[in-house]
Amino acid sequence: MTQRSKLPVDPTRPMRRLAIRNSINRVKSMLNSVGSPDPTPESIAEEAKLRVYRSKIVEE
């Protein structure tokens, strides 16, 4: 028997999902433009992680 509690509905969830999807599509198009003909999900995820890491670095 499973119990379910009433969780509050997050109104920003669809927007966050759309933002993630758009980010993945941007990375995929960037990889395609630099000559990676059919990027794998792993390469897309790795490139997305690198973009997030670089965005956190502040150049001095």
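Visitor: How many helices and strands does the chain have?
Guide: This is a predicted model. Its secondary structure elements run to 2 helices and 0 strands.

Visitor: What percentage of the residues in the chain is buried?
Guide: Buried here means under 20% relative accessible area. The chain has 60 residues, and the buried share of them is 8%.

Visitor: What is the accessible surface of the chain?
Guide: Carbon and sulfur atoms account for 57% of that surface. The total comes to about 5900 Å².

Visitor: How is helix 1 oriented relative to helix 2?
Guide: The two helices pack with their axes 9 Å apart, at an angle of about 105°. Angles of 65 to 115 degrees count as roughly perpendicular. Helix 1 is therefore, relative to helix 2, roughly perpendicular.

Visitor: Which residues of helix 2 make the contact with helix 1?
Guide: Helix 1 contributes Ser23, Ile24, Arg26, Val27, Lys28, Met30 and Leu31. By class, the contact has 6 nonpolar, 2 polar and 4 charged residues. On the side of helix 2, the residues are Ser43, Ile44, Glu47, Ala48 and Arg51.

Visitor: Is Asp38 buried or exposed?
Guide: Asp38 lies in the loop between helix 1 (13–33) and helix 2 (41–56). Its relative accessible area is 64%. Since the cut-off for exposed is over 50%, Asp38 is exposed.

Definitions and conventions. Residues are numbered from 1 along each chain as its sequence is written. This is a predicted model: local features need pLDDT of at least 70, side-chain atom pairs count only at pLDDT 80 or more; totals for chains, interfaces and linings use all residues. Side-chain values use heavy atoms; hydrogens and water are left out. Helices (H or I, at least four residues) and strands (E, at least two) are DSSP runs, numbered from the N terminus. Buried means under 20% relative accessible area, exposed over 50%, partly exposed in between (1.4 Å probe, protein chains only). Accessible areas come from the Shrake-Rupley method with a 1.4 Å probe; for residues, only the protein chains shown count as cover. Axes are lines fitted to C-alpha atoms, for helices over the stretch in contact, and angles run from 0 to 180 degrees between N-to-C directions. Angles under 35 degrees count as roughly parallel, over 145 as roughly antiparallel, 65 to 115 as roughly perpendicular and the rest as oblique. Contact means heavy atoms within 4.5 Å. Ala, Val, Leu, Ile, Met, Phe, Trp, Tyr, Cys and Pro count as nonpolar, Asp, Glu, Lys and Arg as charged, and the others, Gly among them, as polar.
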